Amino acid sequence: VLEAGGLKFEIIHTPGHTPGGICIKVGNVVFSGDTLFQGSIGRTDFPGGSYALIIKSIKERILTLPDETVVYPGHGPKTSVDLEKKINPFIN
């Protein structure tokens, strides 16, 4: 956890897109980079990428957060833990 400006930034290791992939949680918001997108997941065909690891990261480290957690991907529309549990074909 890093603290700056009165905010706590929790670094969540989410390998899969890349071996050192991370998401950053601030309060009830997660910045997922290229790990999780609305209704999709990040690419895993780069050197060191792993489909099995990205799925495990998403299921064990993001979808275990409260349903109301808002997720901002590296690109595309925002989503939520609840919505991804309902619509994401890669994790259902």
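1. A salt bridge here is a side-chain nitrogen of Lys or Arg within 4 Å of a carboxyl oxygen of Asp or Glu. Searching the whole structure turns up 4 salt bridges, and this note walks you through some of them. Please keep in mind that this is a predicted model, in which local features need pLDDT of at least 70 and side-chain atom pairs count only at pLDDT 80 or more, while totals for chains, interfaces and linings use all residues. Residues are numbered from 1 along each chain as its sequence is written, and side-chain values use heavy atoms, with hydrogens and water left out.

2. Let's start with R43, which pairs with D45; their closest N and O atoms are 2.9 Å apart. D45 is exposed, at 56% relative accessibility (buried means under 20% relative accessible area, exposed over 50%, and partly exposed in between, with a 1.4 Å probe and protein chains only).

3. Next, look at helix α1, residues 51-62, where K56 and E60 sit 4 residues apart, about one helical turn. Helices are DSSP runs of H or I with at least four residues, strands are runs of E with at least two, and both are numbered from the N terminus. K56 and E60 form a salt bridge with 3.8 Å between the closest N and O atoms. K56 is partly exposed at 43%, and E60 is partly exposed at 46%.

4. Finally, K85 forms a salt bridge with D67, the closest N and O atoms lying 2.6 Å apart. K85 belongs to helix α2 (residues 81-87) and D67 to the loop between α1 and β7 (70-73), so this pair ties together parts 18 residues apart in sequence. K85 is partly exposed, with 36% relative accessibility, and D67 is partly exposed, with 32%.
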